[in-house]
Amino acid sequence: MTRKVTIRDLAEAAGVSVTTVSQILNGKGERFSLETRRRVHHLQEELGYVPDFNARNLIMKSAQTIGVLVPNLGNPFFSMFIRGVQSASRERRFIPLIFGADHDEDLESYYLQELIKRAVDGLIIASASITAEAIDNILKKNGIPYLLIDQNGGPSMDRVRIDEDHGGRLAAEHLLSLGHRKIAVVMPEHATENLRIRLAGFKDRLAQDGVDLPNESIILSSMSKLGGYQASAKVLALSATAVFAINDETAMGLIRGLHEEGKRVPEDVSVMGYDDIDFDEYIVPKLSTVHQPVVTMGRQATMLLINRIQNSRQAPQAVELPVDLKQRESTGPASS
């Protein structure tokens, strides 16, 4: 049975001390000759030496690891978000540990505690079920830097902001431009702050054109394909000519449900989404939506968190990201 190659094996092969090898591999070998550094790196590759993670942590006093907690790993929005997290983490030489909590507060708390036990350097939390109590009792008490997505962490917190008010207005403006006046909205009952802002912008833009959105026109359903599918009958009961689904997954389920009810999209009912996930151009009809830069959001959140990890005393960081309209095939002129 073969044994793992150790740093001592590498040092002996290179004819230098273990300390020299350690400093070169950790990017602190400037005082050694170029020839020595090249020899160590060449032999590392030749011998297949992989540094011991725990030993490295003791030397660097950092695990170079961030935890990422999302509501659902199967949600295309969060798949895109994680793509941005992975890209930025690799650039900054950090490793992301990614977990889906499935909207389970107990599971979420378990993951948070386990990540702290494993000396994670910081956390990105995109789960709406995180509680203020969990933040106070688990994160703040342990001095763990964190960044919340889709929630207001307070004026002193780092934040990636999306112009949700403008996004809601864009969706409303698009439907109004097509002549729609009888409009429904599908969104979750317990909406996060960003969704409430999105809806407020949508309602305000409708009101500017004298179009009311009564409470009965806001259909409460889970923010998923199934939620949209289950809401389709309620949309038709309202005789709405257009519906604004609060995210693209909901819109996809809604299109399927309307199809099974014998309705055509957009000829009978226009469907507007929000997010611009990868699937939007591959469904029939292609989904009109409000684009938000999801991958960039993941990248920026990761960059801000790592900046905070490396300099805890810096001023609060904020990044503003724009939104824009993507008109495709699922929206059309209001039916007469």
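**Entry 1: a bridge in the sheet**

Which residue in E2 is the bridge partner of Leu69? I looked it up in this model, which is a predicted one, and found Phe99. I then checked the strands involved: E1 covers residues 65–70 and pairs with E2 in the parallel sense over 6 bridges.

**Entry 2: the whole sheet**

Next I traced the strand order. I found an open sheet of 4 strands, running E2-E1-E3-E4, with parallel pairing. At the edges I noted E2 (95–100) and E4 (146–148); each has a single partner strand, so one side of each lacks a neighbour in the sheet. I also looked up the twist, which averages 15 degrees from one strand to the next.

**Entry 3: helices on the sheet**

I went on to the helices that pack here. Helix H6, residues 105–117, packs on the sheet and touches E1, E2 and E3 (122–125). The direction of H6 makes about 160 degrees with that of E2. Helix H12, residues 294–310, also packs on the sheet, and I found it touching E1, E3 and E4. For H12 I noted an angle of about 150 degrees with the direction of E3.

**Entry 4: the nonpolar cores**

Last, I turned to the cores. The largest nonpolar core has 49 residues, and Phe81, Ile124 and Phe202 touch the most other members.

Methods: Residues numbered from 1 in each chain as written. Predicted model: local features only at pLDDT ≥ 70, side-chain atom pairs only at ≥ 80, totals over all residues. Heavy atoms only, no water. Core = buried A, V, L, I, M, F, W, Y, C linked by side-chain atoms within 4.5 Å. Buried < 20%, exposed > 50% of the residue type's maximum accessible area, 1.4 Å probe, protein only. Pairing = 2+ DSSP bridges. Helix = DSSP H or I, 4+ residues; strand = E, 2+ residues; numbered from the N terminus. Axes fitted to C-alpha atoms, helices over the stretch in contact; angles between N-to-C directions. Contact = heavy atoms within 4.5 Å.
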